[in-house]
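Here's a walk through one protein model, written for someone who would rather look at residues than read about methods. Keep the viewer open as you go.

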Amino acid sequence: MPQLGLLHGRVWASLLGKLLRPPGAVCIGAVHSHSQGQRSMWVAEAVLVSQLKPHQEKSNFIIKTPKGTRDLTPQQMVVREKILDLVVSCFKRHGAKGLDTPAFELKEVLTEKYGEDSGLIYDLQDQGGELLSLRYDLTVPFARYLAMNKVKKMKRYHVGKVWRRESPTIVQGRYREFCQCDFDIAGQFDPMIPDAECLKIMCEILSGLQLGDFLIKVNDRRILDGMFAVCGVPESKFHTICSSIDKLGKMSWKDVRHEMVAKKGLAPEVADRIGDYVQCHGGVSLVEQMFQDPRLSQNKQALEGLGDLKLLFEYVTLFGIAEKISFDLSLARGLDYYTGVVYEAVLLPTPAQAEEEPLNVGSVAAGGRYDGLVGMFDPKGHKVPCVGLSIGVERIFSIVEQKMKTFGEKIRTTETQVFVASPQKNFLQERLKLIAELWDAGIKAELLYKNNPKLLTQLHYCENMGIPLVVIVGEQELKEGVIKLRSVASREEVAIKRENLVAEIQKRLSES
């Protein structure tokens, strides 16, 4: 950097004095009287300040969450945690172990696992030589974990966030960032026993959440592939046509047929033959009917799938859930990694909803068998058969939240059991000693962070927050060696000996 002349030095001194000098400080001497290094530092700082200033002056900056994401309020978190508690307790009841994986994976781990949905993966900027992507679901990371650690058998659950770069429809509970709850059984077992257990788990969770009537549609990818083959679909188009069929829950058959013919080049007569099958649904009798179908019964893959479905219906009957299961030839589950049985739970609309949403009330849980996914990560291609399910937490959360609004249910955002209060001034120390005793005994307790709060203010706080009990300490109580215990709901007060207070509170809480 060339030497600054005296004139330039004085100009810089003036500029830098304004930009860098703290208020009230006096600048002694000109810039030219300082060393070259100091001048360089001052110039750099001046440039930095000039770059920052326009950003500080932005007036059109909107504070918002990114598209397809949201904050959850304390009230919403209470509802969410109740849902998750019910889901996870069911997973544990069925013997699952917890597992967690990174929020992002190597890009190549996720590539080519999701078919047409691969375009929805969020890629991250290269940060040190690794190409990374945010996880799209919890299934592929689980398969990678099994292969990497050479695990051959595992029953696991995983609750975590996933990311999809799609156009979000918040009304239907669809987001770009959302939570998934997965349960999976990995290992070589006799056919359809783990698959039937997955369906039983879905029934237990959906019944426990009391969302209304529901139905679990089941199909088999081998039946679908067999159907495509006998209908005349070229093998190269199996995956893309499967992806179209998967949209039947959201689109009419007419629109799906148009997509297959006009956009994917399928012959119209082939699409019509597919239409004869995909509009069929029923119970085990439909499975028997498909065994007799002149075209489908000639396909080996389809017969294998039908045989497994017949066995599946036998097991779900023993589990007492057969009336909730429907064999539906339109169910495809568009993800590429499914290899056998697939299933999806939908809520059945009430008559009022049926008029508004004739096509779809919403999928709230789904899953299937993916026997080849682990082998894709194993250097020697060793396969570990897997089957699993995923609970649609966001969709369920939206439904539960709407129900609570409809019925006007009030939600407690804390679990505080006891509030420590005083009616008099200068009792902060006594309140602190008392609340410490309660905390040490494992009791959830609060107090107001004020030296001398008014008693009415403290009691109003308890009513607003739904805190059931108040302990009151004052001059009279100190003299008598007692503490007043007040029920917020009934407003009844009793004097309890100080040494018996914790036991009395624990007794009351256990009875409530």
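## Helix α3 and what it packs on

Start with helix α3, where the buried residues are Gln-76, Val-78, Val-79, Arg-80, Ile-83, Leu-84, Val-87, Val-88, Cys-90 and Phe-91. Buried here means under 20% relative accessible area, exposed means over 50%, and partly exposed is in between (1.4 Å probe, protein chains only). Those buried residues pack against β4 (154-163), β5 (177-186), α6 (193-208), β11 (386-391) and α14 (393-407). Contact means heavy atoms within 4.5 Å. Helices (H or I, at least four residues) and strands (E, at least two) are DSSP runs, numbered from the N terminus.

The helix length checks out too: at 1.5 Å a residue, the 20 residues of α3 (residues 74-93) should span 28 Å, and the end C-alpha atoms are 28 Å apart, which agrees. The expected span is 1.5 Å times one less than the number of residues. After α3 comes Gly-95, with a positive phi near 85°.

## Ground rules and overall picture

This is a predicted model, so local features need pLDDT of at least 70 and side-chain atom pairs count only at pLDDT 80 or more, while totals for chains, interfaces and linings use all residues. Residues are numbered from 1 along each chain as its sequence is written, and side-chain values use heavy atoms, with hydrogens and water left out.

The protein chain has 18 helices and 16 strands. Out of its 512 residues, 44% count as buried. Look at contacts between residues at least 6 apart in sequence, and 68% of them join residues at least 24 apart.

Ile-396 sits in helix α14. With 0% relative accessibility, Ile-396 counts as buried. Setting aside residues up to four places away in sequence, Ile-396 touches Ile-83, Leu-206, Leu-209, Leu-211, Val-364 and Ile-391. The C-alpha atoms of Ile-396 and Ser-363 are 9.3 Å from each other, though the two are 33 residues apart along the chain.

Thr-101 is in the loop between β1 (97-98) and β2 (104-106). Is Thr-101 buried or exposed? At 8% relative accessibility, Thr-101 counts as buried. Its contacts, leaving out neighbours within four places in sequence, are Arg-135, Pro-141, Arg-144 and His-158.

The bridge partner of Glu-344 in β10 is Ala-366. Two strands pair if DSSP finds at least two bridges between them.

## The open sheet and its helices

Further along, 5 strands form an open, mixed sheet in the order β13-β12-β14-β15-β16. The edges are β13 (445-446) and β16 (493-497), each pairing on one side only. Strands β14 (residues 469-472) and β15 (residues 482-487) run antiparallel and are joined by 4 bridges, with Ile-472 bridging to Lys-484 in β15.

Helix α15 (residues 428-440) lies across β12 (418-421), β13, β14 and β15, at about 160° to β12. Helix α18 (residues 501-511) also packs on the sheet, touching β12, β14, β15 and β16, and its direction makes about 165° with that of β14. Axes are lines fitted to C-alpha atoms, for helices over the stretch in contact, and angles run from 0 to 180 degrees between N-to-C directions.

## Loop residues with positive phi

Gln-210 isn't a glycine, yet its phi is positive, near 55°. Gln-210 is in the loop between α6 and β6 and is exposed, with a relative accessible area of 64%.

Arg-491, also not a glycine, has a positive phi of about 65°. You'll find Arg-491 in the loop between β15 and β16, exposed at a relative accessible area of 53%.
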